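I set out to record what I looked up in this structure.

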Amino acid sequence: MRRLVRLPLPLVAACAIVLALSAVAFAHGNNADGHGPKHGVKGGGGHGGIAVIEHADTDATTDTGASGDSAGDVLTFANPVFDAQDRTQVATDQGYCIRTVAGSAYECNWTTFLPKGQLVVEGPFYDTKDSTLAITGGTGAYKNARGTMDLHALDGGKRYAFTFHVVG
């Protein structure tokens, strides 16, 4: 016999927000021809990697459970991504992070929509130090992607440098 599981309202609301932001970011991040922004991205796989700068314009935290910064809070975003010189928008990203350690760390999952395909990453985001996330897959030119993505905060967290080290 199956039991009905009731999810807390804040969790259901957070999931709805993530889905809505995903739809908006996908529509925003693709041109009418479905191939994303027309500007190129410097870098490639293996050695130097793909270097871009994310502008954390839409980051929003949904407070769940205990009031204030606490485990379970949900950070959602759908942001513009610029070239390595931070001059021209070349991509977008969208994703979410779940607070795991208050004041210290989140566990994140997001997609970066690049001109030649998408890269998906998963892993930790630290409040006060750099992170390395796993590339868990991709589409288009990155359909067999794996590897790592280095994340470095800039401007006190207003922007983030991403370097994708793509293998495959």
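**Entry 1: the core**

I looked up the largest nonpolar core and found 26 residues, of which Trp110, Leu119 and Phe164 touch the most other members. Such a core is a set of buried Ala, Val, Leu, Ile, Met, Phe, Trp, Tyr and Cys residues joined through side-chain atoms within 4.5 Å; buried means under 20% relative accessible area, with a 1.4 Å probe and protein chains only. Two or more residues each come from S1, S3 (74-82), S4 (89-101), S5 (105-114), S6, S7, S8 and S9 (159-167). Strands are DSSP runs of E, at least two residues long, numbered from the N terminus.

I noted that the model is predicted: local features need pLDDT of at least 70 and side-chain atom pairs 80 or more, while totals for chains, interfaces and linings use all residues. Residues are numbered from 1 along each chain as its sequence is written, and side-chain values use heavy atoms, without hydrogens and water.

I then listed the contacts (heavy atoms within 4.5 Å) of Leu119. Leaving aside neighbours within four places in sequence, they include Trp110, Ile135, Tyr142 and Phe164.

**Entry 2: strand pairing**

S6 (residues 117-126) and S7 (residues 131-138) run antiparallel, joined by four bridges; pairing requires at least two DSSP bridges. Four residues lie between S6 and S7 in this hairpin. I found Val121 bridged to Ile135 in S7. S7 also runs antiparallel to S8 (residues 146-154), through five bridges, and Thr132 has Asp150 in S8 as its bridge partner.

**Entry 3: His55**

Is His55 buried or exposed? His55, in S1 (residues 50-55), counts as buried because its relative accessibility is 17%. Not counting residues up to four places away in sequence, His55 touches Asn79, Pro80, Phe82, Asp86, Lys158 and Arg159.

Conventions: Buried means under 20% relative accessible area, exposed over 50%, partly exposed in between (1.4 Å probe, protein chains only).
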